[in-house]
Amino acid sequence: MTTPPTEPTGVTKVTCVGAGVIGGGWVAHFLARGYDVTAWDPAPDAREKLRRLVDAAWPALIQLGLAEGASRDRLTIAGTLEEACAEAQFVQESAPEKLDLKRDLLARLDAATPPGVVIASSTSGYPMTDMQTEAADPSRLLVGHPFNPPYLIPLVEVVGGERTAGEAVEWASRFYEVAGKSVITMDREVPGFIANRLQEALWREALHMVANGEATVKEIDDSITEGPGLRWAFMGPCLTFALAGGEGGMGHMLDHFGPSLKSPWTRLEAPELDAALRDAMVDGCDEAAEGRTIADLVAERDQGVIDVLRATGRLPKGGAE
Ligand SMILES: NC(=O)c1ccc[n+]([C@@H]2O[C@H](COP(=O)([O-])OP(=O)(O)OC[C@H]3O[C@@H](n4cnc5c(N)ncnc54)[C@H](O)[C@@H]3O)[C@@H](O)[C@H]2O)c1
């Protein structure tokens with residue numbers, strides 16, 4: 001691939017192609033971070049819809065704090081894809097999730113965008129290897145998978161395809177960080193990336209329970225918002241499970257509860273809990289703790305739950321504020 005012509009810190013012009021829920025959310029995010037944004041979407045009513053979306057997002061973005069010079073006036077809506085991409089320093093594609101459409105569109109974007117400029121797809125699940133087949137320069141195409149709404153949820157999962165240059169992946173990860181996102185750079189294509197794979201596991205079990213009359217939708221939703229969801233906003237599922245092992249952490253947790261992986265709680269085939277998996281989980285928790293002791297993590301978890309309860313107006317009534 002040609003080296004990206006602009007350093008990640010030097011980018012001022014971003015192009016968003018496809019301006020629905022996600023593309024529009026990206027537009028709002030990049031505007032709030034002080035970029036000049038050009039958008040293109042073939043729908044006849046796209047212009048009005050995009051303006052409505054950005055206007056609706058703007059009060060939240062003001063609350064979060066706009067970058068210097070950020071303005072909704074810095075949005076240009078282009079008449080053609082070619083016009084949208086002509087001066088792009090980064091392109092974010094957020095068109096409908098259809099493989100043939102993505103293949104053709106990415107090839108058109110590649111043809112219309114200056115050499116070396118990185119083009120990212122918001123796809124929720126297609127591997128870039130399957131989408132980059134028609135492009136003349138597949139080396140600059142990669143996935144930058146956001147979460148809805150992209151202007152509030154920080155995470156972007158970045159991953160290339162078989163024909164993507166490592167340099168493009170590095171550039172994009174750095175660019176998203178500069179643009180205020182929280183980035184996970186994956187070194188291989190994994191079905192569903194990371195977060196969707198986890199979300200889908202939960203979703204699949206929820207559907208099983210509803211289909212079998214085992215739980216209502218409300219019970220399922222309450223079981224998360226009144227339960228583990230409170231912890232997950234600030235401490236992930238592995239570290240919070242490590243705390244279920246008390247002072248023994250993840251090692252005790254696995255030795256104690258590990259055999260129940262085979263219990264019929266789940267419709268999934270459970271993995272074999274062999275020594276290698278046990279060690280990987282224990283080591284991974286140690287690494288994620290970054291030197292924090294179990295007691296430190298317990299204190300952090302408890303404070304986090306209180307903060308989330310306060311933030312969502314669910315503090316127990318009658319106590320001192
Ligand atoms: N909705 C989510 O929660 C979510 C989350 C992460 C990623 N994504 C991904 O983002 C992408 C967009 O999803 P969405 O939810 O915004 O869909 P959407 O239907 O809201 O928006 C898609 C937009 O693309 C436009 N479009 C149609 N044909 C096009 C073309 N040929 N070129 C460019 N634009 C075209 C449509 O007019 C529409 O405005 C998908 O790949 C999806 O998997 C969605």
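## Basis

The model is predicted: local features need pLDDT of at least 70, side-chain atom pairs count only at pLDDT 80 or more, and totals for chains, interfaces and linings use all residues. Residue numbers start from 1 along each chain, as its sequence is written.

Helices (H or I, at least four residues) and strands (E, at least two) are DSSP runs, numbered from the N terminus.

## α1 against α2

Helix α1 also packs on α2 (residues 46-64), at an angle of about 50 degrees and with the axes 9 Å apart. Axes are lines fitted to C-alpha atoms, for helices over the stretch in contact, and angles run from 0 to 180 degrees between N-to-C directions. The two helices are therefore oblique to each other. Angles under 35 degrees count as roughly parallel, over 145 as roughly antiparallel, 65 to 115 as roughly perpendicular, and the rest as oblique.

The crossing of α1 and α2 is right-handed (the near helix is turned clockwise from the far one by less than a right angle). Gly 24, Val 27, Ala 28, Leu 31 and Ala 32 of α1 make the contact with Leu 50, Leu 53, Val 54, Ala 57 and Leu 61 of α2. Contact means C-beta atoms, placed from the backbone, within 7 Å. By class, 9 of these residues are nonpolar, 1 is polar and none is charged.

## α11 against α12

Helices α11 (residues 249-257) and α12 (residues 275-289) pack at about 150 degrees, axes 8 Å apart. That makes α11 roughly antiparallel to α12. The crossing is right-handed. From α11, Gly 249, Met 250, Gly 251 and Leu 254 meet Arg 278, Met 281, Val 282 and Cys 285 of α12. This contact has 5 nonpolar, 2 polar and 1 charged residues.

The 15 residues of α12 should span 21 Å at 1.5 Å a residue, and the end C-alpha atoms agree, at 21 Å apart. The expected span is 1.5 Å times one less than the number of residues. Glu 290 follows α12, with a positive phi near 45 degrees.

## Backbone features in loops

The peptide bond from Asn 148 to Pro 149 is cis, with omega near -5 degrees. Pro 149 lies in the loop between β6 (141-145) and β7 (155-160).

Phe 193 is a residue other than glycine with a positive phi, near 55 degrees. Phe 193 sits in the loop between β8 (182-185) and α7 (195-211).

Note on methods
Contact = placed C-beta atoms within 7 Å. Nonpolar A, V, L, I, M, F, W, Y, C, P; charged D, E, K, R; others polar.
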